[in-house]
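Visitor: I would like to learn how to read the features of a model such as this one. Please take me through them in turn.

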Amino acid sequence: MGEIATLTLFKLFHQCAHRMNRTGKYQGQGRLLLLLEEQGTLTQRELIEITGCRSSTLSEQLESMEKAGWVTREKNAADKRNIDLALTPSGRQTAREVRAWRAGHAEALFGMLDEKERDSLYTLLQKLSAAWAEMAQQKEAGR
């Protein structure tokens, strides 16, 4: 195939990520629903730490989710500065729908790859993720 320039890889990776996210159902709210389903009640601060979202972005998403009837927000009994978030029955049902949708979407996105290709992609993405996490930590430490 020859040598591929890193800028070409960057553009292609960005294109794939953009297409994958543009077709996402529930967008970032789906991830929050799944986290709350898996973890149970979490504080807003814990969700910020887990997701890396900005506080204002998370607040907007949670407000929409609360209006949809998927989550409840209550002051934390131990620390009134924190807000506890929990799924409602409707939120749990929506989380199940998100999980099923993601499984089908993952199959549509990666089903054309054979097992060896998926293994290779997994290894490469793990390597990139670890390197990029290290770069982010170094950037944070340098501030």
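Visitor: Is Glu115 buried or exposed?

Guide: A residue is called buried under 20% relative accessible area, exposed over 50%, and partly exposed in between, with a 1.4 Å probe and protein chains only as cover. Glu115 has a relative accessible area of 57%, so Glu115 is exposed. This is a predicted model, in which local features need pLDDT of at least 70 and side-chain atom pairs count only at pLDDT 80 or more, while totals for chains, interfaces and linings use all residues. Residues are numbered from 1 along each chain as its sequence is written, and side-chain values use heavy atoms, with hydrogens and water left out.

Visitor: In which helix is the place of Glu115?

Guide: Helices are DSSP runs of H or I with at least four residues, strands are runs of E with at least two, and both are numbered from the N terminus. Glu115 belongs to helix 6, which covers residues 115-142.

Visitor: Which residues form the negative surface patch?

Guide: A patch is made of residues with over 30% relative accessible area and no salt bridge; like charges are joined within 9 Å, and nonpolar side chains (Val, Leu, Ile, Met, Phe, Trp, Tyr) within 5 Å. The areas come from the Shrake-Rupley method with a 1.4 Å probe, and for residues only the protein chains shown count as cover. Lys and Arg count as positive and Asp and Glu as negative, whereas His and the chain ends are not counted. The place of a charge is NZ of Lys, CZ of Arg, CG of Asp or CD of Glu. Here, Asp114, Glu115, Glu117 and Asp119 form the negative patch.

Visitor: Which residues make the nonpolar surface patch?

Guide: Phe13, Leu125, Leu128, Trp132 and Met135 make a nonpolar patch of about 470 Å². Helix 6 gives the most to this patch, with four residues. Trp132 lies in helix 6 and, at 43% relative accessibility, counts as partly exposed.

Visitor: How many salt bridges does the count come to?

Guide: A salt bridge is a side-chain nitrogen of Lys or Arg within 4 Å of a carboxyl oxygen of Asp or Glu. By this rule the count is five. One of them joins Arg99 and Glu38, whose closest N and O atoms are 3.5 Å apart. That pair links distant parts of the chain, since Arg99 is in helix 5 (residues 89-110) and Glu38 is in helix 2 (residues 27-39), 61 residues apart. Arg99 is partly exposed at 36% relative accessible area, whereas Glu38, at 51%, counts as exposed. Glu37, Glu38 and Arg99 are linked in a network of salt bridges.

Visitor: Which side chain does Arg73 meet in a salt bridge?

Guide: Arg73 meets Glu66, at 3.1 Å from N to O. Arg73 is partly exposed at 26% relative accessibility, and Glu66 is partly exposed at 32%. A further salt bridge brings together Asp79 and Arg81, at 3.1 Å from N to O. Asp79, at 22% relative accessibility, counts as partly exposed, while Arg81, at 71%, counts as exposed.

Visitor: In what order do the three strands form the sheet?

Guide: Two strands pair if DSSP finds at least two bridges between them. The three strands form an open sheet in the order 1-3-2, with antiparallel pairing. Strand 1 (42-43) and strand 2 (71-75) stand at the edges with a single partner strand each, so one side of each is left without a neighbour in the sheet. Strand 2 and strand 3 (residues 83-87) pair over five bridges, and strand 1 pairs with strand 3 over two bridges.

Visitor: Which residue is the bridge partner of Glu74 in strand 3?

Guide: The partner of Glu74 is Asp84. Asp84 is also the bridge partner of Thr43, and Thr72 has Ala86 as its bridge partner in strand 3. Lys75 has its place in strand 2 and is exposed, with a relative accessible area of 54%. The C-alpha atoms of Lys75 and Leu85 are separated by 8.9 Å, the two residues being 10 residues apart along the chain.

Visitor: Is Met65 buried or exposed?

Guide: Met65 is buried, with a relative accessible area of 0%. Its place is in helix 4 (residues 55-67).
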